[in-house]
Amino acid sequence: MKQHAPSSPTNTPDFSAFRLEVLNDYRLANESRQASLLGRKEVLTGKAKFGIFGDGKEVAQLALAKQFREGDFRSGYYRDQTLMFAIGESDIEKFFAQLYATPSLEDEPASAGRSMNGHFATRNLNDDGSWKDLTRQKNSSADISPTAGQMPRLVGLAWASKLYRNNPGLQAVTGFSVNGNEVAFGTIGDASTSEGLFFESINAAGVLQIPMAISVWDDGYGISVPAKHQTTKQNISEILRGFERNEKGEGYVILRARGWDYPGLCEMYEQGIRICREEHVPVLFHIQQVTQPQGHSTSGSHERYKSKERLQWEEEYDCIRKMREWMISSAIATAEECDAIESEAKKSVTDARRRAWDRFLGPIRLDMQELTTLLEDLAQSSDQSSALLQAAEAMNKSLDPSRRDIATTLHKALRLTRGETSPARTALVQFDQRFRAINADRYNSRLHSTSDEAATKVEAIAVRYAEEAPLVDGREVLQANFEALFSRDPRLVAFGEDVGKIGDVNQGFAGLQAKFGELRIADMGIREATIAGQGIGLALRGLRPIAEIQYLDYLLYALQILSDDLATLQYRTKGGQKAPVIIRTRGHRLEGIWHSGSPMGMILHSLRGIHVLTPRNMTQAAGFYNTLLAGDEPGLIVECLNGYRLKERLPSNLGEYRVPLGKVELLEPGSDVTLLTYGSCVRIAQEAILMLRELGVSVELIDAQSLLPFDREHAVVESLRKTNRLFILDEDVPGGASAYLLQQVLEEQQGFQYLDSAPVTITAKAHRPAYGSDGDYFSKPNAEDVTDSVYRMMHEADPLRFPLYK
């Protein structure tokens, strides 16, 4: 090992400052290690549910932290505790508060106890949901657990710096960037580089040439699986050598260091981040010979799969031990000074753990005391006196009490005293109501924005038309609306496959790249996951991205990112972060297996936290874009693939009119049947209504338009009050989106009580549609299917008036 001794004599002011810096790093390293060791014990003794820690990464993360500036962003993984301590965005007490799942933003500001331990996030929003000045703080995007899931978002965070530096229109946008000088720091374990998301993101960043700094911690294992089963040549930087910068400046800077070499790590990070920040070049740092002293997590022991020789090597090359040896050999500290630091670290961590545990238990004990008093009061007048006192005693005997203990005891007391009336029982009921409301806020709030800019609060503006508004292709409505939007807001960015030069495959952006430039209307490679991630990263940095996924079935490539990251962002930070990205795609009725799937049920159930909008035409689609861009929440807009060349009137208030979210539209009034549908199926329904009208059946047609949220005004149940019959038309598989709509109408809106007949769903078959027009006709619901089903219901109600015809 090459030892980097201090360059200044030991009696100079420079050396004194350097020495203090190193000693402070050593203190932090030991505190972080003690937090890991004590954290594992807390899990094994039952005080916490699960633990995964950053032991073995301490020294490398201290070196990295020296280069982390205000305005920078982190997109990391669950072993970055030392980095977060070093940049001042977490501390030991907060670390333990998260381990205990303390549901308090004051104690656990990353997620208020909602995320597992080691999942970090900074508060990037004010209490009212407005942005803080992100250039004046060190930022961490909210972590997720799925391996390599942090990588696509990292690409977007870094790309934002490039846009802020190179787009003159963004110079007036403040609080998010200082001339694009910010670096996006990513971290990942070596085994997770086997994921496709890692390679896709590495390729994307190399193409874009952005200030992305990715550190790979290489400890030789992925849980129990050694590198020989993980990585070709057992060396990720070796197999990525083809990505290294060439003479044209294209590609990556790839640097390597050993995880126990403190001076070498400091030198490497200083060199690499300087290039990354100044030149906007992606840099990969391969940190080798990293150890993991406690194994992967509290779920098992690494002694089961590591050899004695490996375990002995890990002990000898522990990064803190090697740092101590270097400090003593370089005359930076004596053995006695190191001992004192280590001893103080143990004490300070133990004290911080105790404070975190006391703050976690404090509110629980107060609730327990209040409930105990209420039960004792009720016992004085209740026939169930003995059982109530026993329940209170059992609750108070819990060694590690929880709110669950309180809830189950409370529920038992209410069951026992059902039918009793007394002031004491009334007080117990009131306590139950308060307790449930408080815990609803603790554990179930902030799935969506609560700010004044929440998309559901955006005021509707009706579409207007000139007297002689021309009939144009639907795609032209979209294109004109996008042009109006991009002319007004420099923060708007659109990107995806074929979006730029040709203006997307259906011409919604035709000609706009030439007008607004390649930075704002951009072509991307075939990589849906990172397209979605780029949108998330840009939105986290104050831009307003429209990320296009070319076809609806391609959304599956990005589903994990959208579901685990974007959909949960507001919830898992309890309103601390937001990413108002719009995912644009198209789907439904194109003929063929691969581009006509309509997996809306899958989307609805995977993307709670994202608004899912299904306009029937391009005028409605444009109105939804206008609404989402006036709000501060993410949304998915699914355009009708067979509607781009259908004629529509061109609105006169392009870029201004707004279609409200969660509001259905009554398209045809009727008295016999309520027919609920959305998207391309609206036209199928309209064909069927014409045939049914000839048969004497009056159908009320309702376009859902917005599936998440759905019918916030409960207009569908009002229709059922009149018709008493419900049909749902959907081209998803049986039990897909139709099941969701049934649940909303029958359960949420209590529509069952107005039905005279069993509700009917008309869906596609359980398979993908066969190719061709006939394949589409016989695979998906058609107008004749709808007519037959509706008429059959009417026959059952009145056979004489509606005799069967087949």
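I began with the open sheet of 6 strands, whose order is S2-S1-S3-S4-S8-S7 and whose pairing is parallel; two strands count as paired if DSSP finds at least two bridges between them, and strands (E, at least two residues) are DSSP runs numbered from the N terminus, as are helices (H or I, at least four). Strand S2 (139–140) and strand S7 (253–258) are the edge strands here, each pairing on one side only.

I note that this is a predicted model, in which local features need pLDDT of at least 70 and side-chain atom pairs count only at pLDDT 80 or more, while totals for chains, interfaces and linings use all residues. Residues are numbered from 1 along each chain as its sequence is written, and side-chain values use heavy atoms, with hydrogens and water left out.

I then turned to helix H6 (residues 196–208), which lies across S3, S4 and strand S8 (283–288) and runs at about 150 degrees to S4. Contact means heavy atoms within 4.5 Å; axes are lines fitted to C-alpha atoms, for helices over the stretch in contact, and angles run from 0 to 180 degrees between N-to-C directions.

My last entry concerns an open sheet of 5 strands with mixed pairing, in the order S17-S19-S18-S21-S22. Strand S17 (665–668) and strand S22 (760–762) each have a single partner strand, so one side of each is left without a neighbour in the sheet. Within it, strand S18 (residues 673–677) runs parallel to strand S19 (residues 699–703), joined by 5 bridges, and Thr 677 stands opposite Asp 703 in S19.
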